[in-house]
Amino acid sequence: MLPSPLLISRALGEEVIPKRLELNRANLATARDLIALFERCRGGRRAELNEQLAVLEGDGTDYRVKRGLAHILLGSFSTFETVSPLEPAKLREAVFTRAASGVPDPRGAAATVQRVAEALTQELGRSVHPGEVREGLYADLPDNQRLVAFEPPTPEALLHRYNLAQAQGVLYRAKHVVITAHRNDPGEYKLLFRYLKLFGLMSYIEGDAEYGFTITVDGPASLFAPSTRYGLALAKLLPALLHVTRWSLVAELAPRTLYDGSSTPSRFALDSSCGLVSHYPPGRPYDSILESAFTERWRSAGSTPGGSSARSTSSRCPAA
């Protein structure tokens with residue numbers, strides 16, 4: 001997902017419309033350039049990657065889009081690790097302890113590093129070069145961590161992920177969200193309810209499998225104190241909802257502040273025809289072959305598993 005500074009949206013009356021990138025030649029080229037840059041920087045330090053990203057960003061007006069795409073690549077497809085012959089904290093202790101035993105002298109720094117490298121060679125049973133000691137001293141700093149793995153997405157997948165992240169970001173300001181899951185495969189309901197529980201969302205569920213369910217989810221702005229953690233949990237529900245065949249969502253957002261200091265109501269709406277693509281795996285909607293076969297017969301008969309006179313149900317699902 002994207003941090004607030006990288007979220008882009010516009011207001012059309014009370015409606016909030018998040019930024020969406022078309023899968024056209026220009027946007028695909030931008031995504032392809034960013035992916036190629038990460039490929040070239042594999043094995044390098046994070047600081048070097050950030051420098052290259054700044055060069056690619058240039059002084060164009062679309063810098064927030066490029067930063068957003070890069071943020072997704074950094075957070076979801078990249079693995080950074082500390083690369084050092086020894087834990088950096090212990091390495092600093094060894095170097096500073098040896099340096100403190102002598103008279104402070106800038107020219108003695110190289111000798112100190114050399115002696116530490118020789119001691120590590122005996123301790124580890126392999127040759128440790130003084131250069132490794134220098135690089136390892138502060139290898140645990142974020143800028144010095146190395147990109148040890150990168151799983152490149154396709155340019156199309158990156159743009160889909162960006163569009164989904166922009167829609168998720170709107171939910172950070174939600175007071176409450178009403179989801180209408182129309183008559184669907186019961187297995188899809190089951191998966192959706194599992195995700196509600198998994199993310200610890202406070203929700204009120206009404207309806208039945210014959211006519212569908214209405215799920216009212218409390219948003220982060222409805223709590224006594226806005227919670228970033230809860231807002232992220234609510235945003236994580238959207239990719240799960242995309243696996244439901246027919247649904248609609250309406251979110252009441254925290255009022256939008258205008259330039260004159262006044263505020264205006266704000267809302268966000270989405271449905272199953274939105275074209276967003278989930279990166280969550282589809283999951284297993286049924287726990288057994290028997291349940292799957294029973295649901296298939298239900299679908300063919302056009303009735304609920306409990307009969308055509310299924311009653312409306314409601315339940316309150318508190319946060320875990």
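User: Is Glu252 buried, partly exposed or exposed, and what is its relative accessibility?

Analyst: Buried means under 20% relative accessible area, exposed means over 50%, and partly exposed lies in between (1.4 Å probe, protein chains only). At 33% relative accessibility, Glu252 therefore counts as partly exposed. This is a predicted model, in which local features need pLDDT of at least 70 and side-chain atom pairs count only at pLDDT 80 or more, while totals for chains, interfaces and linings use all residues. Residues are numbered from 1 along each chain as its sequence is written, and side-chain values use heavy atoms, with hydrogens and water left out.

User: With which residue does Glu252 form a salt bridge?

Analyst: A salt bridge is a side-chain nitrogen of Lys or Arg within 4 Å of a carboxyl oxygen of Asp or Glu. Glu252 forms one with Lys175, the closest N and O atoms being 3.8 Å apart. The pair links distant parts of the chain, 77 residues apart: Glu252 is in strand β8 (residues 247-257) and Lys175 in strand β5 (residues 174-181). Strands (E, at least two residues) and helices (H or I, at least four) are DSSP runs, numbered from the N terminus. Lys175 is partly exposed, at 31% relative accessibility.

User: How many salt bridges does the structure hold?

Analyst: The structure holds eight. One of them joins Arg267 and Glu15, with 2.6 Å between the closest N and O atoms. Arg267 lies in strand β9 (residues 263-271) and Glu15 in strand β2 (residues 15-18), so this pair ties together parts that are 252 residues apart in sequence. Glu15 is buried, with a relative accessible area of 19%, whereas Arg267 is partly exposed at 31% relative accessibility.

User: How is the packing of two helices described?

Analyst: Two packed helices are described by the angle between their axes and the distance between the axes. Axes are lines fitted to C-alpha atoms, for helices over the stretch in contact, and angles run from 0 to 180 degrees between N-to-C directions. Here, helix α7 (residues 155-170) and helix α9 (residues 228-241) pack at about 135°, with their axes 8 Å apart. That makes α7 oblique to α9; angles under 35 degrees count as roughly parallel, over 145 as roughly antiparallel, 65 to 115 as roughly perpendicular and the rest as oblique.

User: Which residues make the contact of α7 with α9?

Analyst: Contact means heavy atoms within 4.5 Å. Leu164, Ala167 and Gln168 of α7 meet Ala235, Lys236, Leu238 and Pro239 of α9.
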